[in-house]
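Please keep the structure in view while reading.

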Amino acid sequence: MYRLSILLIGIIQLMNADVFLGKVVDSSTGMPIVEANIKLKHKNNEGTVTDPNGVFTFSGNNGDSALIEITAIGYTGLEKMVFLSEPRAMIIKLEQSAIKLSPINVLADRSRISGVGQNFYRIPGSLSIVSKTEVMEFRDTDINKVISQVPGVYLQEEDGYGLRPNIGMRGSGLERSSKINMMEDGVLISPAPYSSPAAYYSPTAGRIESFEIRKGSSQVKYGPHSTGGAINYISASIPKELDFNGLLSLGEYGSQVAKFKSGMSSKNFGIMFQTHNEKAGGFKELQGGGNTGYDKNDLLFKVRINTSSDLALLQLKLSSTDEISNETYLGLTRDDFDQNPFMRYRASQKDKMDADHEQISLTAILKPFENLDITSTLYDNHFHRNWYKLNKVNGYGIGSILSNDTGTDSTYQLLSANNSIDDVYDIKANNRIYVSSGLQSVLRSNFKFFGKQNDLMFGLRIHSDAMNRFQKSDKYKMNNGNLIMTTEGVWGEGSKNNRLYSAKANSLFIENELTLNRTIITVGSRMESIHLERKDWGSDVNRDSTPSSIKKDKLEIFIPGIGLSYQLFQGVQFFTGMHKGFSPPGPGFDEEDEVLPEESNNFELGLRFNQGFHNAELVTFYNDYKNLLGEDTEASGSGTYAQFNGGKVLINGIEFSYSNLIKINKLLFPFSFSHTYTIAKFNNNFDSDFDPWGNVSIDDELPYIPRNMLHARIGIGMGKSQTYLRFKHIGKTRTVAGKDKLSEINSADAINTVDFVSKYKINKYIIVEIKFYNVTNSKSSIANRPAGLRPNMPRQLITSISFDF
């Protein structure tokens, strides 16, 4: 009877609940206003913000009225009385006003690559935002799930959890996200973006508030990579008022998440503290048993002081990440994968990643004049990781064993053996310390010149980074199913285990945005001076002597770009842009390495459409590579870390996205769809020792760039309940360059997954939800690298409760 009463009360609440649907747009252009603040004056100033399409909703009882206040940077605020029973969605128009940024607003603007207020839809290039509202729909902790909705972004899953993502943009290559600019709050966050760009660290997606992805000519001011694009992780912000919120979740395969954030602001002071812990027991089944999951802990602290006037601001940010993950590079043969895709060979039982990341940054903002501000950030990142993992068995690399190279059949049996002789298993401690630090400053000024509006930005970055490679290999035997060390290695001994890679880079950029009636022209360029060095001490493990090998290189780069956007009519924009693409090579792996930087010419043409609640964007891109750059990391090849030039490559494609929000009586139906179509081919003949390329002929397709990617999402909302369903498709992906028909031998499987979440708001403070990942329990080999086939995550049930006081 008690349960029936509770259910009856819930049904009555749903029947009486109603929802208001609104969209905030620019009165002159008809384009959405992103992150406009909506305050509900009748609910003690409770509020919400508009999403990337300018949309907002709030719920209440049927027949209620509400006085709402709408404000946005660069617009005149508005108060409006609305009725929840309004049968149609309401379009609210705001008038443009002079952009007056307080230092706090300047901080928000400089922490982003999309800007705030009017800036978002003024950018003459492709820009996507996964907003805070969208992040909270599924509350994903896997970055691959979060950004798969963005067209033009390519992902190669590896471990099922997104611990070490492989992200590329517009065919730029995705090995360890080494060809994109990865940032947090506008600051480079890759461990060593110049000297060793393979990113074995990325910010924990579960603690991030929103995400930005910028492509095309609009991202030339970010370096060092300018072909593909940039991804910016926006960390939790200091709340305007006293706030405490959190999330607790439990799921299958030992999945647990505990996340808490608290903070407050006053007139001259703000503080925030966030903790995030996630762990899992793992979904792979290790022969003989054992944990195949991970445990990850994050801490974030921010404190801000600012003057009573709009003169200055100072913010300190501290963050720390600690990860222990029982992950391996060892995959499966095709036969074993078909029998049980989640099996893990016994020989990988010792494999473990131990990683720690610490970041400190200090940002100062000075605003001497109303139309001039200067933002400077000192940053220092330290990352230490030791991935202790199986490297060889019986003298054979694990990649060659699983590809059934000649002479390895008997060695394959040792992967699952219960007993062996001494020193059969070579397990390497891939121990590396990364340091990245620097100072970046940006001056921005808005002014009129000959009656035309200009928005000028000038930036400077002084940066240095290094990767200290100090490794060893231990030898093991198998004894009754357990690996026992038989010979302990010596730190620094062995080929290329005692090296230091370093880089110093000074860069300048200048960009001006000129407004001519309906046209906005953005012209910019970046100049970089890069000094690269590699030191190798060889057998001198104490590094007491001069390095046995020192190699240096110097690069001077000029990267121009121009973009244009034109307002065709209300709610419709045309944009285009051209820019030079560039990626620097590392300092080289061998003495004979003479690797050239990657260069390309890039062009895009696009159209944005916003009418009512219909939002669409269509973009075509064309990237003409003069000199493609590849690196043979352990994650993508045989692990020599040699770099290769792939010559001429042509990559072109189409990106399309569409979203709509339909209201039918008390029901809301959000819908979104995105599709990317890409053709990526080599334009010359060459032979390469890089396994994914091999012997290349003209018109061979590049590996790991799928022809088709699709993402769709649909939801239903009624009062206090919301339900979402999303679908992701990645077509069969070639794993080796070629033009032959795709098969199990030369491609990874197509990926088709459906996710589901349903949530109910118990009251204004508490929400409960139930979530299913991979509802259909589809099984795919998502990649055949680093070594062997790897499965996607099986179906998983997760329940959670979140609160916000």
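Asp185 forms a salt bridge (a side-chain nitrogen of Lys or Arg within 4 Å of a carboxyl oxygen of Asp or Glu) with Lys302, their closest N and O atoms being 3.9 Å apart. Asp185 lies in the loop between strand 11 and strand 12 (187-188) and Lys302 in strand 19 (residues 294-306), so this pair ties together parts that are 117 residues apart in sequence; strands are DSSP runs of E, at least two residues, numbered from the N terminus. Both Asp185 and Lys302 are buried, where buried means under 20% relative accessible area, exposed over 50%, and partly exposed in between (1.4 Å probe, protein chains only).

The model is predicted, so that local features need pLDDT of at least 70 and side-chain atom pairs pLDDT 80 or more, while totals for chains, interfaces and linings use all residues. Residues are numbered from 1 along each chain as its sequence is written, and side-chain values use heavy atoms, leaving out hydrogens and water.

The structure holds 44 salt bridges, including these:

| Pair | Closest N to O |
|---|---|
| Glu184 and Lys317 | 2.7 Å |
| Asp185 and Lys302 | 3.9 Å |

Glu209 and Lys261 are both buried, and Glu209, in the loop between strand 12 and strand 13 (210-215), is 52 residues apart from Lys261 in strand 16 (residues 255-265). Through shared partners, salt bridges join Glu184, Asp185, Arg207, Asp298, Lys302 and Lys317 into one network.

Technical notes
Helix = DSSP H or I, 4+ residues; strand = E, 2+ residues; numbered from the N terminus.
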